[in-house]
Amino acid sequence: MDRTCRIQRTLRQKKSAPSGNKGIQLKRYIDKTLGEGDLREAVRLPIGEDLNEWLAVNTVDFFNNVNMLYSTLMDVCTPATCPTMSAGPKYEYRWADGVKVKRPVAVSAPKYVEYLMDWIEAQLDDADIFPQHFGAPFPPNFRDVVKTILKRLFRVYAHIYHSHFQMIMNLEEVKHLNTCFKHFTFFTMEFQLIDKEELAPLNELIEPIMFGR
């Protein structure tokens, strides 16, 4: 597969928040609070807002952030360099979506990320899961869907930090990566969206973020 094809498959069109004035307002609120540098405040549910709508808007943002970060690494994250989707020697992630792939299978890191982004896009584009207009009802299992999406996006962060941090340094993207991950961490902790054991590969990074050590 040539580089142009890899770019097309990895760098996906940026997703937008659900349409309507409310979606625009929530996105602007996120951008404003992030711009002020207070990430703890940025993740809190704004007074009077619906929790599911807040989860939806932020999930789209986190998908876009991880998609963009990973796209800068596609020349170094290949089946040859990363034959498994891992986060250091102790943690290996296998792919399953419960539909097309019911039993977890071992795949290379780029293949895992490709499968993951395809799967997340399908969730985001499904109006029965992520309503396209504010005020439309969310499904009863919406929080569970969000938890699965964010758990799997965390695995991409874990792979980047463990396997490609040197390249991130070479690209002078360390500050951007750390800011994105810090925002992601505060949000998932605020709403308890990722189980503690899933966070183990990056515990040494997460603890200073949460407790300012």
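Trainee: Hi! Are Phe 62 and Phe 184 buried or exposed?
Mentor: Both Phe 62 and Phe 184 are buried; buried means under 20% relative accessible area, exposed over 50%, and partly exposed in between, with a 1.4 Å probe and protein chains only. Keep in mind that this is a predicted model, where local features need pLDDT of at least 70, side-chain atom pairs count only at pLDDT 80 or more, and totals for chains, interfaces and linings use all residues. Residues are numbered from 1 along each chain as its sequence is written, and side-chain values use heavy atoms, with hydrogens and water left out.

Trainee: How many aromatic pairs are there?
Mentor: The count is 13 aromatic pairs. Rings of Phe, Tyr and Trp (its six-membered ring) pair if their centres lie within 6.5 Å; planes under 30 degrees apart count as stacked, over 60 as edge-to-face and the rest as tilted.

Trainee: And what do Phe 62 and Phe 184 form?
Mentor: They form an edge-to-face pair, 5.3 Å centre to centre with 80° between the planes. Phe 62 lies in helix α4 and Phe 184 in helix α8 (residues 174–190), so the pair ties together parts that are 122 residues apart in sequence. Helices here are DSSP runs of H or I with at least four residues, numbered from the N terminus.

Trainee: Which cluster are they in?
Mentor: One aromatic cluster holds both of them, and its members also include Tyr 157, Phe 187 and Phe 191.

Trainee: Back to α4. How far apart are its end C-alpha atoms?
Mentor: They are 30 Å apart, which agrees with the 30 Å that the 21 residues of α4 (residues 51–71) should span at 1.5 Å a residue. The expected span is 1.5 Å times one less than the number of residues.

Trainee: How many of its residues are buried?
Mentor: In α4, 17 of the 21 residues are buried, and the helix is mostly covered.

Trainee: New topic: how many salt bridges are there?
Mentor: There are four salt bridges, each a side-chain nitrogen of Lys or Arg within 4 Å of a carboxyl oxygen of Asp or Glu. One of them joins Lys 111 and Glu 114, with the closest N and O atoms 3.5 Å apart.

Trainee: Where do those two sit?
Mentor: Lys 111 and Glu 114 are three residues apart in helix α5 (residues 109–125), so about one helical turn separates them. Lys 111 is partly exposed at 31% relative accessibility, while Glu 114 is buried at 16%.

Trainee: What about Arg 155 and Glu 198, buried or exposed?
Mentor: Both Arg 155 and Glu 198 are buried, and their side chains meet in a salt bridge (3.3 Å, N to O).
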